Amino acid sequence: MLTKISSFFQNLADDLTDTNTKKNSDEVTIELACAVLLCEVMRADGHFDQKEQAKLAVLLVEQFHLNEEEVKQIIDQALIQSEQATDFYRYTSKINKHFSIEQRISIVKQLWNMAYADGELASIEEHVIRKIGDLLQLRHAEYIQTKPRK
């Protein structure tokens, strides 16, 4: 009887360890959070091409000074998480926690650059950027200042 109880608690402890290990492997880095938001804008209009993926890589290199292999890994992870994401909070909260308002404004400017990578702005892309801007706690005037003058 004591062996069964001891075994039960050992299995419970093992399950908790596995859960914590999984949570750590699912941890969102600031680079990944930004990449997922960029992917959300890229995918918003229902299609993305090589120009948009190239722009995504350029934006990540400029923002985080990453090498080619790091960018490829982050983009691969970001595309997967973007497809599975049900909201933006997980990513925007990470950015809010670690970035100043000026850095968050810069991120929204990058979202606009991503939206225009294919040469045109779809209304759904603008909607996604607005939603992300709100979650990044930008005031309306700050959001307006991020919009390109086209």
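So, helix 2 and helix 5 cross in a left-handed way, meaning the near helix is turned anticlockwise from the far one by less than a right angle, while clockwise would be right-handed. By helix I mean a DSSP run of H or I, at least four residues, numbered from the N terminus. Quick caveat: this is a predicted model, where local features need pLDDT of at least 70, side-chain atom pairs count only at 80 or more, and totals for chains, interfaces and linings use all residues. Residues are numbered from 1 along each chain as its sequence is written, and side-chain values use heavy atoms, with hydrogens and water left out.

Back to our pair. The axes of helix 2 and helix 5 (residues 89-98) come within 9 Å and cross at roughly 130°. Axes are lines fitted to C-alpha atoms, for helices over the stretch in contact, and angles run from 0 to 180 degrees between N-to-C directions. Helix 2 and helix 5 are therefore oblique; under 35 degrees is roughly parallel, over 145 roughly antiparallel, 65 to 115 roughly perpendicular, and the rest oblique. On helix 2, Ile 30, Ala 33, Cys 34, Val 36 and Leu 37 make the contact (heavy atoms within 4.5 Å), and on helix 5 you'll find Tyr 91, Thr 92, Lys 94, Ile 95 and His 98.

Now, what about helix 3? Helix 2 (residues 30-44) and helix 3 (residues 50-64) have axes that come within 11 Å and cross at roughly 150°, so these two are roughly antiparallel. This crossing of helix 2 and helix 3 is right-handed. Residues touching here include Leu 38 and Met 42 of helix 2, plus Leu 56 and Phe 64 of helix 3.
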